[in-house]
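Student: Could we go through some side-chain contacts together? I would like to ask about them one at a time.

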Amino acid sequence: QVQLVESGGGLVQAGGSLRLSCAASGSIFSINAMGWYRQAPGKQRELVAHITRGGSTNYADSVKGRFTISRDNGKNTVFLQMNSLKPEDTAVYYCNANGVVDYRNGKTNDYWGQGTQVTVSS
């Protein structure tokens, strides 16, 4: 079994910063890619940032230049540094791990974190 545990969400004023962390734990042999998604009320869940095991990154246009995704493969952990936050960044942020191989059963699955609320006030 694999679980993703997120931390770092909260309330911040516009222009401020937050750092989200997500640690995958369990019988993990390997993880392909990890990423962060967000969902505001009444809207579709959208990709915020994505990083491969080798360190290649992608960002949504709305966060380029403000957010930075990074990854510690040894700790199966992904981070999202969010700077210059705007009210429109307010959403529930979800961690995702893609292509997770469980060494106990040999199965490959994708996993989601429980979500963490980020609220940016004007």
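Student: Which backbone atom lies 3.1 Å from a polar atom of the side chain of Asp-102?
Tutor: The backbone nitrogen of Gln-1 does. Please keep in mind that this model is predicted.

Student: Where is Asp-102 found?
Tutor: Asp-102 belongs to strand S10.

Student: And what does Asp-102 touch, apart from its neighbours within four places in sequence?
Tutor: With those neighbours left aside, Asp-102 is in contact with Gln-1, Ser-27 and Lys-107.

Student: Which side chain of opposite charge is nearest to Asp-102?
Tutor: That is Arg-104, at 5.5 Å. Asp-102 is buried yet has no salt bridge. The cut-off for a salt bridge is 4 Å between a side-chain nitrogen and a carboxyl oxygen.

Student: How many salt bridges does the structure hold, then?
Tutor: It holds four. One of them joins the side chains of Asp-89 and Arg-38, with N and O 3.0 Å apart. Asp-89 lies in the loop between strand S9 (77-82) and strand S10 (91-102), while Arg-38 is in strand S5, so this pair ties together parts that are 51 residues apart in sequence.

Student: Are those two buried or exposed?
Tutor: Asp-89 counts as buried because its relative accessibility is 0%. Arg-38 has 6% relative accessibility, so Arg-38 counts as buried too.

Student: Which other residue forms a salt bridge with Asp-89?
Tutor: Arg-66 does, and the closest N and O atoms are 2.8 Å apart. Here, too, distant parts of the chain are linked: Asp-89 is in the loop between S9 and S10, and Arg-66 is in the loop between strand S7 (57-59) and strand S8 (67-72), 23 residues apart. Both Asp-89 and Arg-66 are buried.

Student: Which residues end up in one network?
Tutor: Through salt bridges that share partners, Arg-38, Glu-46, Arg-66 and Asp-89 are joined into one network.

Student: What about Lys-64 and Asp-61, how far apart are their closest N and O atoms?
Tutor: They are 3.1 Å apart, and the two residues form a salt bridge. Asp-61 is exposed, because its relative accessible area is 63%.

Student: Changing topic: how many aromatic pairs does a search of the whole structure find?
Tutor: The search finds one. It consists of Tyr-37 and Trp-112, whose ring centres are 5.0 Å apart.

Student: Why is that pair edge-to-face?
Tutor: The ring planes of Tyr-37 and Trp-112 stand at 65 degrees, so the pair is edge-to-face. The cut-off for that label is over 60 degrees.

Student: Which rings does the charged end of Arg-45 sit over?
Tutor: It sits over the ring of Tyr-94, 3.7 Å from the centre. The charged end of Arg-45 also sits over the ring of Trp-112, 4.7 Å from the centre.

Student: Finally, which residues is Asn-96 in contact with, leaving aside its neighbours within four places in sequence?
Tutor: Its contacts include Leu-4, Met-34, Tyr-37 and Trp-112. Asn-96 is placed in strand S10, and a relative accessible area of 9% makes Asn-96 buried. A polar atom of its side chain lies 3.3 Å from the backbone oxygen of Tyr-111.

Terms used: Residues numbered from 1 in each chain as written. Predicted model: local features only at pLDDT ≥ 70, side-chain atom pairs only at ≥ 80, totals over all residues. Heavy atoms only, no water. Phe/Tyr/Trp six-rings, centres within 6.5 Å; stacked < 30°, edge-to-face > 60°. Lys NZ or Arg CZ within 6 Å of the ring centre and 35° of its normal. Helix = DSSP H or I, 4+ residues; strand = E, 2+ residues; numbered from the N terminus. Buried < 20%, exposed > 50% of the residue type's maximum accessible area, 1.4 Å probe, protein only. Contact = heavy atoms within 4.5 Å. Polar contact = N/O pair within 3.5 Å; in protein donor to acceptor, adjacent residues only side chain to side chain. Lys, Arg positive; Asp, Glu negative; His and termini not counted.
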